[in-house]
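Here are my notes on the model, point by point. Have the structure open while you read.

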Amino acid sequence: MAAHLKKRVYEEFTKVVQQQQEEIATKKLRLTKPSKSAALHIDLCKATSPADALQYLLQFARKPVEAESVEGVVRILLEHYYKENDPSVRLKIASLLGLLSKTAGFSPDCIMDDAINILQNEKSHQVLAQLLDTLLAIGTKLPDNQAIQMRLVDVACKHLTDTSHGVRNKCLQLLGNLGSLEKSVTKDAEGLAVRDVQKIIGDYFSDQDPRVRTAAIKAMLQLHERGLKLYQTIYTQACKLLSDDYEQVRSAAVQLIWVVSQLYPESIVPIPSSNEEIRLVDDAFGKICHMVSDSSWVVRVQASKLLGSMEQVSSHFLEQTLDKKLMSDLRRKRTAHERAKELYTSGEFSSGRKWGDDAPKEEVDTGAVNLIESGACGAFVHGLEDEMYEVRIAAVEALCMLAQSSPSFAEKCLDFLVDMFNDEIEEVRLQSIHTMRKISNNITLREDQLDTVLAVLEDSSRDIREALHELLCCTNVSTKEGIHLALVELLKNLTKYPTDRDSIWKCLKFLGSRHPTLVLPLVPELLSTHPFFDTAEPDMDDPAYIAVLVLIFNAAKTCPTMPALFSDHTFRHYAYLRDSLSHLVPALRLPGRKLVSSALSPNIMPHEDPSHQFLQQSLERVYSLQHLDPQGTQELLEFTIRDLQRLGELQSELAGVADFSATYLRCQLLLIKALQEKLWNVAAPLYLKQSDLASAAAKQIMEETYKMEFMYSGVENKQVVIIHHMRLQAKALQLIVTARTARGVDPLFGMCEKFLQEVDFFQRCFIADLPHLQDSFVDKLLDLMPRLMTSKPAEVVKILHTMLRQSTFLHLPLPEQIHKASATIIEPAGESDNPLRFTSGLVVALDVDATLEHVQDPQSTVKVQVSYPDGQAQMIHPKPADFRNPGPGRHRLITQVYLSHTAWTEPCQVEVRLLLAYNSSSRIPKSPWIEGGEMSSQVETSIEGTIPFSKSVKVYIMPKPARR
Amino acid sequence: MPEIRVTPLGAGQDVGRSCILVSIAGKNVMLDCGMHMGFSDDRRFPDFSYITRSGRLTDFLDCVIISHFHLDHCGALPYFSEMVGYDGPIYMTQPTQAICPILLEDYRKIAVDKKGEANFFTSQMIKDCMKKVVAVHLHQTVQVDDELEIKAYYAGHVLGAAMFQIKVGSESVVYTGDYNMTPDRHLGAAWIDKCRPNLLITESTYATTIRDSKRCRERDFLKKVHETVERGGKVLIPVFALGRAQELCILLETFWERMDLKAPIYFSTGLTEKANHYYKLFIPWTNQKIRKTFVQRNMFEFKHVKAFDRAFADSPGPMVVFATPGMLHAGQSLQIFRKWAGNEKNMVIMPGYCVQGTVGHKILSGQRKLEMEGRQVLEVKMQVEYMSFSAHADAKGIMQLVGQAEPENVLLVHGEAKKMEFLKQKIEQEFRVSCYMPANGETVTLPTSPSIPVGISLGLLKRELAQGLLPDSKKPRLLHGTLIMKDSNFRLVSSEQALKELGLAEHQLRFTCRVHLHDTRKEQETAVRVYSHLKSVLKDHCVQHLPDGSVTVESILIQAAAHSEDPGTKVLLVSWTYQDEELGSYLTSLLKKGLPQAS
């Protein structure tokens with residue numbers, strides 16, 4: 001009876017199913033929407049006044065038009081265009097034509113004739129300009145059609161004589177974008193003579209309107225960008241434009257000169273008013289340098305920026321940029337830099353005590369002094385003391401680039417960079433410190449320079465100090481006094497700003513390992529050892545003492561004589577620090593002690609590396625097993641996972657790969673285990689509790705797949721497919737488990753529907769990768785898709801179950817570079833026993849400082865979670881400005897988190913940790929068709945979630961009740 | 001011949017009492033009205049009798065322009081306007097207008113109260129004088145009268161310093177005042193557009209100097225102060241009240257902020273406080289950094305710089321004190337110097353030039369034992385430093401400004417003759433413009449060729465444009481039209497329009513010419529021969545054979561007639577209007593050569 005009833009229920013249900021499916025079918029049929037062109041036509045016919053028509057057009061422009069109806073719409077628009085008298089409406093139509101011809105999947109060559117046609121009859125300059133713009137859109141859409149391009153160029157040339165600057169502008173733009181690249185184009189195109197585009201554009205360099213001149217130069221630059229080789233004759237033309245009255249012309253001209261100088265660096269140009277000749281690149285360099293003192297700051301920025309990329313310039317010219325040729329009362333004077341250097345070399349320590357210390361020396365020959373046309377003279381001196389910080393930053397950047405390519409220049413520009421450390425704008429200071437770090441391989445700091453550099457350590461800005469620490473990590477110091485000075489200043493910094501502790505220790509580590517021989521003579525003084533007396537043992541917890549030890553131990557690594565100078569407690573402290581701060585203290589060969597760990601030789605290439613081989617082999621072993629008995633498979637998987645995890649711990653460079661594969665294997669293992677469950681063998685209604693394991697497995701697999709997808713950087717599409725496939729399997733598992741356990745059929749039905757939609761979605765997203773997934777779960781599933789669509793849920797579940805069991809194990813291809821995102825919270829350290837007290841109801845700001853590794857786009861994904869003891873959890877989204885980017889793949893989060901709570905009786909701990917937010921729709925590749933956009937957003941509700949990716953830190957807080 | 005005349009009454013080959021008379025297109029302008037610091041007799045003010053010989057000042061001068069508030073540019077103003085007597089407008093920028101009376105009052109006090117001079121201007125005179133002042137904004141074009149207009153450009157140097165462009169019609173003169181081409185901590189760099197004046201009058205204080213980067217100086221200064229303060233020493237910086245003092249204050253203030261230093265900085269009170277107040281108000285006149293950040297914080301609202309009290313000089317611990325006057329010859333700075341000189345931990349920094357005979361000059365030249373009044377001997381143990389912070393453009397800066405403005409002539413003032421000579425030579429050599437450097441009282445006359453604007457009617461212009469290609473600036477173009485001069489304005493219109501406007505009837509002017517041809521045939525045949533000949537020669541022109549037997553080429557008529565006496569000769573009558581003169585004369589010469597023999 002029960003069975004009979006059940007059947008009845010199902011029967012009734014099937015009807016409903018069919019109805020629903022029909023509904024879906026009708027939905028799909030609805031694709032044939034009423035044609036947009038028809039609607040537009042009706043609208044435009046209804047319009048009584050130009051203003052009305054304009055309104056309709058504006059409304060129309062808000063919605064996208066599908067590719068197949070574009071042509072119809074264009075016809076309607078053109079028809080209306082001919083009838084329209086109002087230029088503003090014609091203008092809008094022209095702009096719409098341009099927009100429409102950009103539609104993907106629409107070939108605009110059919111409307112070109114019409115566009116050119118209406119162009120010929122148009123009187124309004126604005127509409128003409130817009131039509132030319134439309135033609136440009138059409139022309140760029142059809143880059144391969146030579147004939148069309150030639151024709152468009154012809155049209156442009158014809159309108160170049162127009163009186164309106166707007167039209168001439170557009171014509172030049174058109175020429176720049178479409179002008180033929182090779183001179184010998186096929187001449188069959190309607191007998192059109194090939195035009196010399198460069199010559200035509202060049203003629204407009206002397207147009208009366210500055211906007212047209214600018215457009216002409218821009219067009220020329222555009223030609224260059226498209227790969228056309230510009231003639232050298234343009235150089236002289238462009239040089240004339242440098243003295244133009246308008247800044248935009250000068251700015252563009254500077255660019256053009258730069259381009260030509262890069263094209264013909266070695267050709268020779270004459271110097272006007274003399275018989276000499278110089279290389280073109282040098283001449284151009286001189287000219288651009290001259291523009292650094294232009295009256296417009298836009299041009300100054302442009303010129304300073306471009307200077308940086310002129311590396312072929314001869315060193316003679318380059319070094320002039322730093323020399324202003326000082327004089328005073330017609331007598332040659334030395335710069336303060338030269339004086340400082342001299343003082344240093346003569347051995348005197350302090351400076352500037354004497355009046356007239358800077359007294360000028362020898363007389364200058366008045367005839368030889370050249371005040372203006374001295375080419376590159378002092379360009380950077382001017383640039384670096386410009387009023388606008390934009391110019392100063394550009395100049396610093398240019399200095400950096402030039403110094404990187406020329407060591408001798410690097411040496412010379414050092415003084416100027418050091419001076420920039422005192423700039424009034426922090427950004428400029430920071431930039432110059434970074435620049436200095438980049439060129440620090442080429443230079444050795446003199447003591448007086450070091451002195452100035454170190455003075456900045458007292459800066460109250462944390463960014464500046466940390467940048468400076470980074471700089472000190474890679475500078476070369478010449479004397480032991482220098483090292484001592486650096487250490488003293490760093491310790492001063494440490495006492496003034498204790499939060500800089502880690503950064504300073506790291507800095508000293510590098511300082512020590514770079515200069516072992518200079519540290520050696522300082523050791524007794526630093527450790528305050530005495531030849532006869534034992535001195536008091538310093539406090540081990542003193543950060544300053546640790547700083548000194550870090551310096552010494554790192555120096556001792558390459559200096560075997562140093563440990564002889566250590567006293568007993570130093571060795572004890574070494575052992576302690578080696579354990580507690582192993583990243584700062586290296587392993588030393590100490591007499592009478594064993595080496596703590598045998599260092600792995602890091603020089604071996606990762607692919608020859610045995611551990612890498614091991615990884616490969618163990619993975620291959622797993623993938624090779626297909627139809628082993630389940631028991632054996634499980635064991636093998638378990639072992640491999642264990643191996644991989646251990647390998648990841650040992651080999652940091654392989655950690656990403658190992659973890660990634662281990663996670664995948666774990667998913668597989670969970671799936672196998674779930675399918676091994678006994679519950680499948682027993683009749684459905686009997687097993688309720690035992691199914692927990694399977695559903696938990698399904699849930700866990702889902703979680704792991706999200707981790708795989710979003711926590712690793714460097715995951716490619718290949719892997720994403722596999723991950724999604726795994727997730728699909730997990731969903732199938734979930735469905736089966738629910739089918740087994742759930743009472744009633746209603747939820748099951750919905751789930752079934754949803755699952756099928758997801759399969760559909762999977763197929764659409766990864767259609768290109770489907771061939772790689774042969775024999776897999778989804779492959780089989782798609783084969784049976786038509787059947788599944790029509791069958792009852794019970795049947796679907798059954799099919800799914802068998803398929804899951806039969807499906808093979810997919811091989812996960814390993815990506816080239818893969819890194820797991822990780823985060824460490826440096827602060828709060830979680831050590832404090834003193835609770836943070838604040839009045840309840842008010843807020844307390846907690847400083848959070850964390851380093852993030854391999855997080856893509858941390859500004860939008862990283863969040864801070866605070867969980868209170870009562871289970872309340874808060875999610876805080878840090879400001880984008882709180883993230884710094886100290887190096888590739890590394891980020892630093894320095895932010896403040898506001899805590900608040902009602903009063904507590906006892907101090908208690910809150911947990912702070914970092915979360916990685918993800919959004920499943922972000923990773924999915926764009927569906928290839930346009931119409932799909934709406935559909936998919938209905939079906940696939942994007943799943944958002946968070947993955948914790950740092951250890952949580954406990955903070956002791958105590959909200960006190962407010963006193964009345 | 002129109003001309004521009006320039007006569008410096010002061011600052012010609014000299015520094016101090018800037019005062020320059022300019023006559024441009026019948027307008028007379030006085031630029032600056034300063035006093036000379038080196039003199040205390042009549043020579044301290046410019047010699048206004050040069051003008052008053054020819055009548056009252058107000059009748060002669062159209063306006064007076066003051067470039068900035070330094071006394072050598074505005075010190076004689078109350079004397080000039082109240083005592084000599086001038087009632088016309090005085091133009092200056094707003095900061096100058098605000099700060100100028102403070103300085104004048106201070107100057108008056110020293111002259112009258114301290115030195116006891118009689119016959120000096122009074123406070124009331126200063127007030128009356130300031131009432132005649134009209135304030136101008138940067139880049140604002142002020143119409144002094146119908147023809148004379150002036151415009152101010154930013155000049156750096158001190159707060160409110162400006163360069164002025166004086167323009168009458170198409171003639172113009174630019175006067176720079178004092179300016180600085182390198183920005184400092186509180187002011188930006190001077191800037192002018194490519195205004196191409198007929199004459200640029202520029203200062204040339206540092207005509208023979210190219211200065212080092214200011215960054216070295218700043219760094220040096222900060223380092224010295226910082227070291228002394230860290231040692232626990234006191235730093236004394238003697239300054240003049242306005243200008244450099246503010247720059248140094250900002251420099252120290254930002255440094256203190258950046259380095260988180262705690263030692264106090266004091267500023268001796270007096271007129272400085274008033275002036276600082278104005279510095280706070282005139283933010284648009286400062287540099288980029290101050291302008292951008294003043295919304296968060298006004299840089300002149302110093303956190304670390306506080307007002308000085310006499311008692312502070314004895315308090316222990318490090319401190320920095322700015323005190324007036326700058327040359328350490330009297331007043332507060334000298335008092336403090338006496339107190340601190342004995343300690344070698346302390347330091348005095350002289351930020352500017354010191355006149356011979358002052359204490360400042362003595363200690364800078366290395367003297368360690370100073371005799372003070374009352375036979376006391378003061379031993380100087382403190383460190384003495386010299387730093388030069390100057391806000392004038394150096395030779396390179398001057399050249400840069402000349403390059404920016406592109407003048408036709410340059411005139412140098414406010415500098416020493418010997419140095420000017422060098423700069424003059426350089427300017428002439430590098431810009432190829434003539435350069436002058438008149439002495440005081442010497443007049444420079446520049447002939448100008450003012451351009452006369454002519455309006456052209458749109459119809460005519462369009463017609464011309466339609467005929468030819470785009471206008472080319474290098475080639476002259478011939479254009480037919482009528483020039484109408486009416487009420488001192490000029491218009492170029494087409495002849496038809498001119499006739500219509502003037503209500504005149506058009507007269508036709510025709511040239512006729514007879515050409516004798518030896519031809520025995522009939523007139524008609526001759527005409528046909530002429531027609532075919534011309535048709536073959538003049539391919540570009542429209543040649544027609546009319547039914548009445550005459551031939552036309554464009555509008556030229558040719559008729560053939562038999563010679564009354566000699567039937568073998570035909571007479572060709574050629575007639576053309578004067579507009580077709582060119583073609584007509586060509587045709588006659590062509591016909592005179594005869595027709596080709598018919599084959």
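1. In general, side chains of opposite charge can pair when their charged atoms come close.

2. Ground rules. This is a predicted model, so local features need pLDDT of at least 70 and side-chain atom pairs count only at pLDDT 80 or more, while totals for chains, interfaces and linings use all residues. Residues are numbered from 1 along each chain as its sequence is written, chains are lettered from A and ligands numbered from 1 in the order in which they are written, and side-chain values use heavy atoms, with hydrogens and water left out.

3. Helices (H or I, at least four residues) and strands (E, at least two) are DSSP runs, numbered from the N terminus.

4. Now the rest of the B/A interface. Chain B puts 53 residues into the contact and chain A 60, contact meaning heavy atoms within 4.5 Å. About 5200 Å² is buried between the two chains, 50% of it on carbon and sulfur atoms; buried area is the accessible area (1.4 Å probe) that two parts lose on being put together, summed over both.

5. Polar contacts and the chain B side. Between chain B and chain A, 19 residue pairs are in polar contact, both residues at pLDDT 80 or more. A polar contact is a pair of N or O atoms within 3.5 Å; within protein, one must be able to donate a hydrogen and the other to accept it, and residues adjacent in sequence count only if both atoms are side-chain atoms. Elements of chain B that each supply at least two residues to the side touching chain A include α8 (244-259), α13 (395-405) and α14 (417-431), but α7(B) gives the most, with nine. By class, that side has 18 nonpolar, twelve polar and 23 charged residues. Nonpolar here means Ala, Val, Leu, Ile, Met, Phe, Trp, Tyr, Cys and Pro; charged means Asp, Glu, Lys and Arg; the others, Gly among them, are polar.

6. Over to chain A on its own. Its domain 4 (612-679 + 690-806) and domain 5 (821-924 + 942-960) have C-alpha centres 32 Å apart; the bounds come from an automatic or database domain assignment. In this pairing, 13 residues of domain 4 of chain A touch 13 of domain 5 of chain A. They bury about 1200 Å², with carbon and sulfur atoms giving 66%. On the domain 4 side, Tyr706(A), Phe710(A) and Met711(A) lose the most area to domain 5 of chain A, together 52% of what that side buries.
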